[in-house]
Structure formats: C-alpha cells, structure tokens
Amino acid sequence: MDPVTLRTERLVLSVPEPSDAEDVVAYANDPDVIAYTPVPVPYGHAEARHWITEVVRTGWANDTRYEFGIRRADDPRLLGTVGLFGFTDGAAEIGYAVHPDGRGRGFVTEAARRVLDWAFSPGPDGLGFVRVQWRAIATNTPSAAIAQRLALRYEGRLRSGVSHRGARHDQLIAAALRDDDRSVPTVWPTS
C-alpha cells in the first residue's frame, strides 16, 4: 500500500521521513521509551535511519506495518509514532511511543483514535479490520491509560508474558472490535 496521511483537528499523521531521524533518536533515547519498548540501546542516527527506511517504508510497501508519525498541524516536528502491525485474519496490533514534549496533551490518544477509525473503516478508505489489540508491560501505566481512553476492553494479564531487557514481566492485553462502542473510556481491573 502507498502510505496515507490521516488528519485530526490538531494533528497530521504521516509516514516518518529520513529528515525525522533526529526526532526519532530523541524519543527513542527517553528512559520511559527504553523501559517499555524494544528499541536498541544506545539508539543513534544509524538505528533511526534503518527504522525509517527499512522497517517503516518496507512495512508500507509489503503491507506488514503501517507506521504514522505524530505531528502537530502547526509544527512539522515528529513528536512520536503510532502504528499498526502483526496483521492476521482481519486483525492487527496497535503500538505507540512519544517524546516527553508530546506527553500530557492528549496527542497520542487523538492520533491512536484516528488510526483505529481508519483501521476499522471499510475499504477503499480504510482497512476493514475486525479487531485491533494492544499489549504492554503491566507497569506501563501511561500506555494503559491511553488504551483505556481509547475504550479498548481489558482482556487479561499474562503472567510473565513478555521478556524485556533480560527480565520477565507481566503483560496486559486489551482490544477493540469494529462494532464496539468506543465513545466512552473503559475501566479496567486495578490488579
């Protein structure tokens, strides 16, 4: 698929470009991103260029990953990314990462909501997916809060479900189905 650009009232979601490498390096080296995502450590310009040119562009070309850069409509700087991947039988997984400058303003929730709308919309303007799931290390409370605001439904806790940086961690899983009412945030168990 050719990359598409999605818009919201405040944001432009477009494919990351090689010129975004510096911004990718900035958020990929943030301690919170390192703590919860499998980015290489250290993460430099070579890693950013590889991710943009090989992972992102190849994903779009091969229909295996659709990654969007999150940008304010009035500022072209890349604040973070939101992507769909793991496509199988009308389902996908959503993931996101953001620079500290983009946190606390609802940008990721807004961007992910728009990507979910696109994922569930029928073709040719959407992907027509039936299910989109989210997974994260259980202690990643900011990511879980976004998933709840997106009205993803809690599906469970996988005990020692993921290995990250040499240790086992519990993993949470939640999902939305195309026909779910996503207008109201969900409430998840506290433990």
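How many nonpolar, polar and charged residues are in the lining of the largest pocket? Sorted by class, there are 23 nonpolar, 14 polar and nine charged ones. Keep in mind that this is a predicted model.

**The largest pocket**
- Its volume comes to about 1,200 Å³.
- A total of 46 residues line this pocket, and Y36, T37, P38, Y96 and A97 are the ones closest to its centre.
- Strand β5, which covers residues 91-98, gives the largest share of the lining, with six residues.

**The largest nonpolar core**
- This core has 54 residues, and the ones touching the most other members are F68, V82, L84, I94 and W134.
- Helix α4 (residues 107-120) supplies the largest share of the core, at nine residues.
- W134 is worth a look on its own: setting aside neighbours within four places in sequence, its contacts include I94, Y96, L172, I173 and W188.
- S143, A144, A147, L152 and A174 are also among the contacts of W134.

- Strand β7 (residues 153-164) runs antiparallel to strand β8 (residues 167-177), and the two pair over eight bridges.

Conventions: Residues are numbered from 1 along each chain as its sequence is written. This is a predicted model: local features need pLDDT of at least 70, side-chain atom pairs count only at pLDDT 80 or more; totals for chains, interfaces and linings use all residues. Side-chain values use heavy atoms; hydrogens and water are left out. On a 1 Å grid over the protein atoms alone, a cavity is a set of points where a 1.4 Å probe fits but cannot get out, and a pocket is an open set with protein on both sides within 12 Å along at least five of seven lines; lining residues have an atom within 4 Å of a point. Grid points are joined across faces, edges and corners, and a volume is the space filled by probe spheres set on the points. Helices (H or I, at least four residues) and strands (E, at least two) are DSSP runs, numbered from the N terminus. Ala, Val, Leu, Ile, Met, Phe, Trp, Tyr, Cys and Pro count as nonpolar, Asp, Glu, Lys and Arg as charged, and the others, Gly among them, as polar. A nonpolar core is a set of buried Ala, Val, Leu, Ile, Met, Phe, Trp, Tyr and Cys residues joined through side-chain atoms within 4.5 Å. Buried means under 20% relative accessible area, exposed over 50%, partly exposed in between (1.4 Å probe, protein chains only). Contact means heavy atoms within 4.5 Å. Two strands pair if DSSP finds at least two bridges between them.
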